[in-house]
Amino acid sequence: MSALRDLTQQLLRFNTINPPGDEAACMAWLADYLRAVGFQVQQHSFGERRTNLIAMLPGKANGKPLGFTGHLDTVPLGVADWQYDPFGADIVDDRIYGRGSSDMKAAIAAFITACQRHKSAIMAGSGVVLYLTGGEETGCDGARALIGDTALPQPGALIVGEPTANYPVIGHKGALWLRCETCGKTAHGAMPHLGINAIYLAAEALGKIQHFSPGAAHPLMQQPTLNVGRIQGGLNINSVPDRTTFDVDIRTAPNLQHGEIRQRLTTTLGENVFVTTLVDLPAVLSAEEHRWMQQVFQLCQPLHAEPLTARIVPYFTDASLLLPALGSPPCVILGPGEPTMAHQTDEYCLLSRLEEAENLYGELIAAWMASA
């Protein structure tokens, strides 16, 4: 446990808040750590101080390696005061505090130390590969750059360490973020009849969007959702605004096509609204009946009192982009973090969950290597 706790604390002490995004120092430190324990490491830059990392422990056996993925960037701290230093990695009772503890640096530490503990089995088996990214929180920017620039090792299965309280999750909703812009004509605020008010045009569009349905429900993911999360318009109070934008967050399921949703929304909003895509991430859903997924459920079951059932999460992950690039292997979202703690003030991860995750990842590694 001490190695796991120490590694988690080291990762939490790096400020990797995104935006603006700065994973370089943390990734460089982690690259040195991984090399020291026997991994082959390749770093990948996707901007100034923006970094991804691929690490491999190759095996001798035939077959594909087991894959793990996680992101090292975190969301901002928010405006509320923290009781604990967000970069102090304080341990109080059963909690380790810090920005990124649940989402999701603790999981990264857990699967790395699990690999260390099972290094002999990994090297005798088919190996493991770690895909560590930056830029996930702002739309999987690091993963997008990684798959565009690098030939990635192909795993036989992928474990995404996002926060699930160690409950195996078979998928997540897709995300379609759209920017809608209205253009008017500026004029003096005392003579509004000489202009065209872009805020009024946006208000008309927002009235329409409240009644827009992205599409039909999915048996597991239920209804798609739509939320207008931001609006900006006008430069000063005494001018007619000539530009307004509002941003739309749509969460979808595999039965829905993003291109079709965008086209219908564009038609609904009318010719006064120009729509552009900010983020386009497909939904992820692995087959519950897949043999490996059944094995994952069996190994997770002792950690939960109730029988495990197929679940999804509403947030997106790097799996949206990584899976198609990796040959669409079966994928489970499984991490020690508390889902309710992601993005929260005084974020924490339970140390008991963290230890459970290290053991669980170790069991998954051992089972994978035994089948190679």
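I am working with a predicted model, where local features need pLDDT of at least 70, side-chain atom pairs count only at pLDDT 80 or more, and totals for chains, interfaces and linings use all residues. Residues are numbered from 1 along each chain as its sequence is written, and side-chain values use heavy atoms, with hydrogens and water left out.

**Entry: threonine 16**

I looked up threonine 16 and found that it counts as buried because its relative accessibility is 0%. Threonine 16 sits in the loop between α1 (2–12) and α2 (24–36); helices (H or I, at least four residues) and strands (E, at least two) are DSSP runs, numbered from the N terminus. Which side chain does the side chain of threonine 16 meet in a polar contact? I found lysine 105, at 3.0 Å. A polar contact is a pair of N or O atoms within 3.5 Å; within protein, one must be able to donate a hydrogen and the other to accept it, and residues adjacent in sequence count only if both atoms are side-chain atoms. Setting aside neighbours within four places in sequence, I noted contacts of threonine 16 that include Asp22, Cys26, Leu72 and Lys105, where contact means heavy atoms within 4.5 Å.

**Entry: cis bonds**

In that loop between α1 and α2 I also found proline 20. Proline 19 and proline 20 are joined by a cis peptide bond, with omega about 10 degrees. I logged another cis bond from aspartate 103 to methionine 104, with omega near -5 degrees. Methionine 104 belongs to helix α3 (residues 101–117). For context, most peptide bonds are trans, and most residues other than glycine have a negative phi.

**Entry: positive phi**

Alanine 89 is not a glycine, yet I read a positive phi of about 55 degrees for it. Alanine 89 is in the loop between β3 (66–71) and β4 (91–92), and its relative accessibility of 1% makes it buried. Cysteine 140, also not a glycine, has a positive phi of about 65 degrees. I placed cysteine 140 in the loop between β6 (127–133) and α5 (141–149), and it counts as buried at 0% relative accessibility.

**Entry: serine 286**

Serine 286 lies in the loop between β13 (284–285) and α8 (291–300). Its side chain reaches the backbone nitrogen of cysteine 331 at 2.9 Å. Buried or exposed? I have serine 286 down as buried, since its relative accessible area is 10%.

I found isoleucine 365 in helix α10 (residues 351–370), buried with a relative accessible area of 0%. How far is isoleucine 365 from alanine 114 in space? The C-alpha atoms are 8.0 Å apart, although the two residues are 251 apart in sequence. Beyond neighbours within four places, contacts of isoleucine 365 include Leu66, Phe68 and His118.

Tyrosine 200 is in helix α6 (residues 198–209), and I marked it exposed because it has 57% relative accessibility. Tyrosine 200 and glycine 88 are 112 residues apart in sequence and 47 Å apart in space, C-alpha to C-alpha.

**Entry: the whole chain**

Stepping back, I counted 10 helices and 16 strands in the chain. Buried residues make up 53% of its 372 residues.

Conventions. Buried < 20%, exposed > 50% of the residue type's maximum accessible area, 1.4 Å probe, protein only.
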